[in-house]
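Colleague: I would like to go through this model one point at a time. Can we put the sequence and structure up before starting?

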Amino acid sequence: PKGVSPFQPVKAQFQKLPSGMEVLLLEDHELPFVDLFIYIRGGSILDPEGKEGFSSVAMQTIRLGGMEGRGPDEIENELESVGASLEMGTTREYQTASLSLLKKDLLSGLEVLFGLLQRPSLDPSRLEIVRSRAQDDLERRMEDPLDLAYMEYPRLIYGEKSPWGRRPTKKSLDRIVREDLVAFHRQ
């Protein structure tokens, strides 16, 4: 239509940092909002045998366990006070961290995000909470036929011993201890 400018996609900028981290930047100045996504090599296919579900439990414990010098409640209050969203999780092939917040709060949000990633407290009580939630979620999924089929399908295709075919169980989640998380973080 007349007077309407054609769609112009945002051009991506790519940069490799000296640390080896690769950054893809898509700038859009329409809103004063920042969405940051971090992808870390890893994922559930690298879970130790017998500790299936480990990478998910590890990322959730990092997210919810606080960091050196700042407890979990303090972090939650800070994020809530600025309306920020900070999530961490796992897929089969990588771990993720995402941060969404207003541009004016970016520095404090990055401080929290990188503090959790670099100096997590890995609080044992939070590990218990995360493990309990994972077990409850597993029980619920086992009761839903579609979820159960989704969980069992890779085992049928790849076999139980394949990293692609293994899945968490109550026993495998029970075997995850704080020392495992410390070693995971160090690695």
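Colleague: In which helix do Lys170 and Asp174 both lie?

Modeller: Helices (H or I, at least four residues) and strands (E, at least two) are DSSP runs, numbered from the N terminus. Lys170 and Asp174 are 4 residues apart, about one turn of the helix. The helix that holds both, residues 170-174, is H6.

Colleague: At which pLDDT do side-chain atom pairs count in this model?

Modeller: Residues are numbered from 1 along each chain as its sequence is written, and side-chain values use heavy atoms, with hydrogens and water left out. The model is predicted: totals for chains, interfaces and linings use all residues, local features need pLDDT of at least 70, and side-chain atom pairs count only at pLDDT 80 or more.

Colleague: What is the N to O distance where the side chains of Lys170 and Asp174 meet?

Modeller: Side chains of opposite charge can pair when their charged atoms come close. The pair forms a salt bridge (a side-chain nitrogen of Lys or Arg within 4 Å of a carboxyl oxygen of Asp or Glu). For Lys170 and Asp174 the N to O distance is 3.5 Å.

Colleague: Is Lys170 buried, partly exposed or exposed?

Modeller: Buried means under 20% relative accessible area, exposed over 50%, and partly exposed in between (1.4 Å probe, protein chains only). Lys170 has a relative accessible area of 47%, so Lys170 is partly exposed.

Colleague: Which residues do salt bridges that share partners join into one network?

Modeller: The search of the whole structure finds 16 salt bridges. Those that share partners make one network of Arg70, Glu74, Glu78 and Glu111.

Colleague: How many residues apart are Asp180 and Lys51?

Modeller: The side chains of Asp180 and Lys51 meet in a salt bridge, 2.6 Å from N to O. Asp180 is in helix H7 (residues 178-186) and Lys51 is in the loop between S3 and H1, so the pair links distant parts of the chain. Both Asp180 and Lys51 are buried.

Colleague: By about how much are Arg131 and Glu128 separated in helix H4?

Modeller: Their side chains meet in a salt bridge at 2.6 Å, N to O. Arg131 is buried because its relative accessible area is 7%, whereas Glu128, at 44%, is partly exposed. The two residues are 3 residues apart in helix H4, so they are separated by about one helical turn.

Colleague: Which residues gather in a patch of negative charge on the surface?

Modeller: Patches are made of residues with over 30% relative accessible area and no salt bridge; like charges are joined within 9 Å, and nonpolar side chains (Val, Leu, Ile, Met, Phe, Trp, Tyr) within 5 Å. Lys and Arg count as positive and Asp and Glu as negative, without His and the chain ends, and a charge is placed at NZ of Lys, CZ of Arg, CG of Asp or CD of Glu. Glu139, in helix H4 (residues 124-143), counts as partly exposed because its relative accessibility is 46%. The negative patch is made by Asp136, Glu139, Glu143 and Asp144.

Colleague: About what area does the nonpolar surface patch of Val10, Phe14, Leu24 and Leu26 have?

Modeller: Accessible areas come from the Shrake-Rupley method with a 1.4 Å probe, and for residues only the protein chains shown count as cover. Leu24 lies in strand S2 (residues 22-26) and is exposed because its relative accessible area is 59%. The patch of Val10, Phe14, Leu24 and Leu26 has an area of about 440 Å².

Colleague: How far is the backbone oxygen of Leu86 from a polar atom of the side chain of Arg63?

Modeller: Arg63 is found in helix H1 (residues 54-64) and counts as buried because its relative accessibility is 8%. A polar contact is a pair of N or O atoms within 3.5 Å; within protein, one must be able to donate a hydrogen and the other to accept it, and residues adjacent in sequence count only if both atoms are side-chain atoms. From the backbone oxygen of Leu86 to a polar side-chain atom of Arg63 is 2.6 Å.

Colleague: What is phi of Leu122 near?

Modeller: Most residues other than glycine have a negative phi. Leu122 lies in the loop between helix H3 (106-118) and H4, and is buried because its relative accessible area is 4%. Its phi is positive, near 50°.
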